[in-house]
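Hi,

Here is the structure I promised to pass on. Have a look, and my notes follow below.

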Amino acid sequence: METLYIVMPAYNEEENIKAVVEQWYPILDGKADDSRLVIADSGSTDKTHEILMGLQKSKYPKMEILSDTNQYHGPKVIALYDYAIKNNADYIFQTDSDGQTTPEEFVDFWDERNKYNGIFGNRTVRCDGKDRAFVETVVCFLLRLYFGVKIPDANAPFRLMKADVLKKYLSRLPSNYNIPNIMITTYYVKYNESYFFKEISFKPRQGGQNSINLTKIIRIGWNAMKDFGRFRKEMI
């Protein structure tokens with residue numbers, strides 16, 4: 001039986017985190033006994049960590065909490081991937097802790113896990129605002145310009161990957177890199193790993209406020225272009 005690690009970063013998600021854990025934890029049923037739900041919650045200033053600790057002690061023994069990572073989203077994702085790989089996960093599924101993704105849609109991804117090294121969500125309809133959809137369109141344009149890859153959705157927080165394949169590309173990213181999922185998607189497509197983009201739904205944030213606003217996104221994107229140039233040279 002295969003080991004699945006469901007990993008998600010969290011930051012100030014006290015309004016969402018209980019419901020998210022309750023919705024995603026049952027996905028571990030029917031997987032190997034050492035499968036885990038792992039949440040990186042470092043830096044939260046609200047009750048997120050307190051809620052997680054209470055849930056872990058009372059109901060969810062297969063949930064693990066990483067509290068010593070960088071507080072930002074991208075580095076948390078990298079730390080989570082690294083943790084899952086080091087703990088011998090066969091498959092790693094990443095999503096976010098804000099309640100925008102739908103656990104019921106995971107089944108179709110899992111059923112096709114043997115066909116692909118990576119299955120990536122494609123948010124054909126987004127309910128999180130036109131600004132973010134526009135940013136994603138720009139990102140995909142830049143990836144095509146820099147790397148010659150055609151990607152419909154580079155950054156969807158709904159992705160199932162074989163751990164041994166992910167490991168090859170994770171080592172290329174600095175541990176503090178801000179947009180790891182974008183580059184990981186790019187590596188899969190650029191190197192013709194067996195991959196598939198599968199349509200998913202994407203709900204509005206279920207509570208709380210997003211810690212990354214449009215200004216921060218633009219700043220991260222501007223810095224990303226410098227990184228893209230460096231990554232492109234390393235691919236040659």
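Which residues do ring pairs link into a cluster? They are F120, Y169, Y177, Y187, Y188, Y191, Y195, F197 and F231.

Before the rest, a word on the source: this is a predicted model, where local features need pLDDT of at least 70 and side-chain atom pairs count only at pLDDT 80 or more, while totals for chains, interfaces and linings use all residues. Residues are numbered from 1 along each chain as its sequence is written, and side-chain values use heavy atoms, with hydrogens and water left out.

Back to the rings. Phe, Tyr and Trp (its six-membered ring) pair if their centres lie within 6.5 Å; planes under 30 degrees apart are stacked, over 60 edge-to-face, the rest tilted. The count comes to 22 aromatic pairs by this rule. One of them is Y91 with W110, edge-to-face at 5.3 Å centre to centre and 70° between the planes. Y91 sits in strand β4 (residues 91-95) and W110 in helix α4 (residues 106-111), so this pair ties together parts 19 residues apart in sequence. (Helices are DSSP runs of H or I, at least four residues; strands are E, at least two; both are numbered from the N terminus.)

Y91 is buried at 5% relative accessibility, and W110 is buried too, at 11%. Buried means under 20% relative accessible area, exposed over 50%, partly exposed in between (1.4 Å probe, protein chains only).

Elsewhere, G229 in helix α8 (residues 214-235) is buried at 16%. G229 and Y146 are 83 residues apart in sequence, but 7.2 Å apart in space, C-alpha to C-alpha.

Cheers
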